[in-house]
Amino acid sequence: MLAPGAPAPHFALPDQSGTVQNVKSLKGKRYLVYFYPKDSTPGCTVQACGIQSDLAQFNKLGIPVFGVSMDSVASHRKFADKYALSFPLLADTERALIEAYGVWVEKSMYGKHYMGISRSSFLIGSNGKIEQVWEKVNTKTHAADVLAFIGGAKPETTAVKKTSAKPVVKKAAAKPTAAKKPVVKKSVAKKAPAMKSAAKKK
């Protein structure tokens, strides 16, 4: 897989409308290329819809987004129409761009090994070199993660949730330890006198 600093591979691939998207038109621009396994599958749908929801933010920053998979133009069209996706989905049926980025990898499931696309994203800088890489992308937070790196995201929301949860755990753990000590002491104190009086009677 290509790393930050490497030159971004060139491409000229058709999108869901059949229009050929050429990397030459992106010269001097930052852009995002994300690779996903298959159209209309649960994880890929969540990821694509997340990007669509935040697409206005990418557009404001002047960063075009391209989704890439091995699916055909027709498959991309159905996927885009079904979920109202308005950014380009590139049909890399020959795996030219997929292999150029190094995301065609060996995977395993239930002990079986097979080749497939690694769900990864690449932010390309205005100099034509890879600026940042996201491996094993979280489909639910992908768009926010990318925007956070770019500088127009919402990472503060997550930080607030984490800090507010800590005091609750500490308070709950402190109560049981304070309550147990007096109970043990009282039960020992009651039994001691009873044993002494029994000894006197004998």
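## The open sheet

In this predicted model, five strands form an open sheet. Their order is β5-β4-β3-β8-β9, and the pairing is mixed. Strands β5 (89-91) and β9 (130-134) stand at the edges. Each has a single partner strand, so one side of each lacks a neighbour in the sheet. On average, neighbouring strands are turned by 20 degrees against each other, direction ignored.

Strands β3 (residues 31-35) and β4 (residues 65-69) run parallel. Four bridges join them. Phe35 stands opposite Val68 in β4.

## A helix on the sheet

Helix α5 (residues 142-150) packs on this sheet. The helix touches β3, β8 (120-124) and β9. Its direction makes about 145 degrees with that of β9.

## Aromatic pairs

The count of aromatic pairs comes to eleven. One of them joins Tyr34 and Tyr36. Their ring centres lie 5.6 Å apart and their planes meet at 35 degrees, so the pair is tilted. Tyr34 is buried, because its relative accessibility is 0%. Tyr36 is also buried, with a relative accessible area of 1%.

A further pair consists of Trp134 and Phe149. The geometry is edge-to-face, with 5.7 Å from centre to centre and 90 degrees between the planes. This pair links distant parts of the chain: Trp134 belongs to strand β9 and Phe149 to helix α5, 15 residues apart. Helix α5 also touches strand β9 as it packs on the sheet. Trp134 has a relative accessible area of 13%, so it counts as buried. Phe149 reaches 37% relative accessibility and therefore counts as partly exposed.

## Ring cluster and a charge over a ring

Ring pairs also build a cluster. Its members are Tyr34, Tyr36, Phe79, Tyr83 and Phe87.

Arg95 and Trp104 make a contact of another kind. The charged end of Arg95 sits over the ring of Trp104, 4.2 Å from the ring centre.

## Cysteines

How many disulfides does a search of the whole structure find? The search returns zero. A disulfide is a covalent bond between the sulfur atoms of two cysteines. Cys44 is buried, with a relative accessible area of 2%. Cys49 counts as partly exposed, because its relative accessibility is 25%, and the cut-off for buried is under 20%.

Terms used. Residues numbered from 1 in each chain as written. Predicted model: local features only at pLDDT ≥ 70, side-chain atom pairs only at ≥ 80, totals over all residues. Heavy atoms only, no water. Pairing = 2+ DSSP bridges. Helix = DSSP H or I, 4+ residues; strand = E, 2+ residues; numbered from the N terminus. Axes fitted to C-alpha atoms, helices over the stretch in contact; angles between N-to-C directions. Contact = heavy atoms within 4.5 Å. Disulfide = S-S within 2.5 Å. Buried < 20%, exposed > 50% of the residue type's maximum accessible area, 1.4 Å probe, protein only. Phe/Tyr/Trp six-rings, centres within 6.5 Å; stacked < 30°, edge-to-face > 60°. Lys NZ or Arg CZ within 6 Å of the ring centre and 35° of its normal.
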